[in-house]
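Dear colleague,

I am handing over the structure below, and after it you will find a summary of what turned up. Please look it over when you have time.

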Amino acid sequence: LDWDTNGPMVPGVKPLDAIERLDQYKALFDVRKRKWNAYVDGEELFGLTVTRYPELEQTEKELEFLGRLYDLYKDVIATIDGYADILWTEV
C-alpha cells in the first residue's frame, strides 16, 4: 500500500514532512470513511451482516494517534519559537 511506503510513519521522514503526509492521507481516508459508512448503513438497512474492514480500522487508529502526536509536536515547536520573543530582562 502507498500508506506503508509513502505515509507519515516511514522511517527517516522529517517531522514537518510527516505532518504534510499525514494531512494528505487524512483527506484520502475521509473519502474512504464516507464510503465505508455508506456500506455499513446499507448492510444494516437490508439486514446483512456488517462487513469488517480491519485495515481501514487500523488506519483510522493510526491516523488518530499520529494526529495527536503531531499536534503535540506543533504545540511544542510553537512554544519554543515563542521563547525567542521573550527578552532576557523580562525573565
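Read along its sequence, the protein chain follows the pattern α-α-α, with three helices and zero strands in total; helices (H or I, at least four residues) and strands (E, at least two) are DSSP runs, numbered from the N terminus. The radius of gyration, taken over C-alpha atoms, is 19 Å, well over the 12 Å that the globule rule (2.2 Å times the number of residues to the power 0.38) gives for 91 residues, so the chain is more spread out than a compact globule. Along the principal axes, the C-alpha atoms fill a box of roughly 70 × 25 × 15 Å.

Please keep in mind that this is a predicted model, in which local features need pLDDT of at least 70 and side-chain atom pairs count only at pLDDT 80 or more, while totals for chains, interfaces and linings use all residues. Residues are numbered from 1 along each chain as its sequence is written, and side-chain values use heavy atoms, with hydrogens and water left out.

Buried residues (under 20% relative accessible area, 1.4 Å probe, protein chains only) make up 20% of the 91 residues.

Leaving aside residues up to four places away in sequence, Tyr25 touches Asp2, Trp3, Asn6, Gly7, Pro8 and Leu63, where contact means heavy atoms within 4.5 Å.

With kind regards

Technical notes
Buried < 20%, exposed > 50% of the residue type's maximum accessible area, 1.4 Å probe, protein only.
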